[in-house]
Amino acid sequence: MEFYPEGYRLGTDQNRLRTASLSALAEAAKSQDILEGKAMVCDAAHNLIVDLGGGLRGIIPREEGALGVREGKTRDIAMISRVNKPVCFTVTGFETRDGEVLPVLSRRAAQERCLCESLSHLTPGDVIDAQITHLEPFGAFADIGCGVSSLLPIDAISVSRISHPRDRFTVGQRIRAVVRGRDAMGRISLTHKELLGSWLENAALFSPGETVAGIVRSVEPYGIFIELTPNLAGLAEPKGLAQCGQTASVYIKSLIPSRMKVKLILIECFAAAPAPAPFIYRETARHISRWRYSPPGCDRIIETVFDSPEEAD
């Protein structure tokens, strides 16, 4: 079985067929299919009422709302925050309330299966699908399967520095990410910059003498850093009242691979940059052993090694 971030299954034909009737849901209970619906209400007892479509509703009891709730390790915000959003579940049974037959659902069981059958087998360097769930100054949180959350630290989002993850992502955005590692509690952390190309790959998109668009990312006394792509930025001399987040037109003076330098002349600044655009991923493999950003011969080495030397051999 494939395990996806919540929301991936909701509009599929298979999901609609499996949630179309009580008999279909009974069959899904036997096969323990992972399905999705939309959480409409979190009641006073923190049970989730789920819209299954076609007038059918289901209930996710509080203790089945997320991993760790039953053990007191996860707070009730895990259920409250799902209202008006897709939730995954398996069907565990049926109960009658006020004459209505309600399928009883478990999000926790779906997450346990995802952990056991998928996430527990991931190793550093594996490339996976993820969906941004919320943004904090220190990084972005992403759903990596059935609502299981993982942190993407801000310094791992791109080579070009940003002031906040919202400069790169929007909530609900589907991305690809690389497994960075696990902490002592087994939680997976992610990285992203390794999918956006090396210095040479990004610099090949530009030529000296061109005037191109960029985004002001940092204004310093000695110059203005302007991003040309998420993994390539250059430095222009101070000029005018440039502000972080503005779009800009810049003249490319030179590209210097041996120093990973892009020298720019700022022509003009405009309004704030629009919402983040979809990424162009330059890495298509499902696993990365090693990624090197620096050009050959460059004194400064920027690289990420995911596999140990023994594994790489």
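Visitor: Which residue in β14 is the bridge partner of alanine 213?

Guide: The partner is serine 249. The model is a predicted one, in which local features need pLDDT of at least 70 and side-chain atom pairs count only at pLDDT 80 or more, while totals for chains, interfaces and linings use all residues. Residues are numbered from 1 along each chain as its sequence is written, and side-chain values use heavy atoms, with hydrogens and water left out.

Visitor: What makes β11 and β14 a pair of strands?

Guide: Strands are DSSP runs of E with at least two residues, and helices are DSSP runs of H or I with at least four, both numbered from the N terminus. Two strands pair if DSSP finds at least two bridges between them. Five bridges join β11 (residues 211-220) to β14 (residues 246-256), so the two count as paired. They run antiparallel.

Visitor: How many bridges join β11 to β12?

Guide: There are five, and β11 and β12 (residues 223-229) run antiparallel. Valine 219 stands opposite isoleucine 224 in β12. With two residues between them, β11 and β12 form a hairpin.

Visitor: Why is cysteine 146 called buried?

Guide: Buried means under 20% relative accessible area, exposed means over 50%, and partly exposed is in between (1.4 Å probe, protein chains only). Cysteine 146 has a relative accessible area of 0%, so it is buried. It sits in the loop between β7 (139-143) and β8 (149-153).

Visitor: Is aspartate 98 buried or exposed, and how do you know?

Guide: Its relative accessible area is 86%, so aspartate 98 is exposed. The residue lies in the loop between β4 and β5.

Visitor: Which residues of helix α2 are buried?

Guide: In α2 (residues 22-31) they are Ala24, Leu25, Ala28 and Ala29.

Visitor: How do you know where on α2 these buried residues lie?

Guide: The arc used here is that of the directions from the helix axis to the C-beta atoms. Seen down the axis of α2, the buried residues fall within an arc of 150 degrees, so they line one face of the helix. The face turned away from that buried side carries the exposed residues Ser23 and Lys30.

Visitor: What covers the buried residues of α2?

Guide: Contact here means heavy atoms within 4.5 Å. The cover includes α1 (13-18), β1 (35-42), β2 (48-53), β3 (56-60), β4 (86-97) and β5 (100-106).

Visitor: What makes arginine 82 and glutamate 6 a salt bridge?

Guide: A salt bridge is a side-chain nitrogen of Lys or Arg within 4 Å of a carboxyl oxygen of Asp or Glu. The closest N and O atoms of arginine 82 and glutamate 6 are 3.3 Å apart, so the pair meets the definition. Arginine 82 lies in the loop between α3 (77-80) and β4, and glutamate 6 in the segment before α1, so the pair ties together parts that are 76 residues apart in sequence. Arginine 82 counts as buried at 13% relative accessibility, and glutamate 6 is buried at 2%.

Visitor: How many salt bridges does the structure hold?

Guide: It holds 18. One of them joins the side chains of arginine 57 and glutamate 100, at 2.8 Å from N to O. This pair links distant parts of the chain, with arginine 57 in β3 and glutamate 100 in β5, 43 residues apart.

Visitor: Why is arginine 57 called partly exposed?

Guide: Arginine 57 has a relative accessible area of 36%, so it is partly exposed. Glutamate 100, at 27%, also counts as partly exposed.

Visitor: What separates glutamate 117 and arginine 113 in helix α4?

Guide: They are four residues apart in α4 (residues 107-117), so about one helical turn separates them. Glutamate 117 forms a salt bridge with arginine 113, with the closest N and O atoms 3.1 Å apart. Glutamate 117 is partly exposed at 38%, and arginine 113 is partly exposed at 21%.
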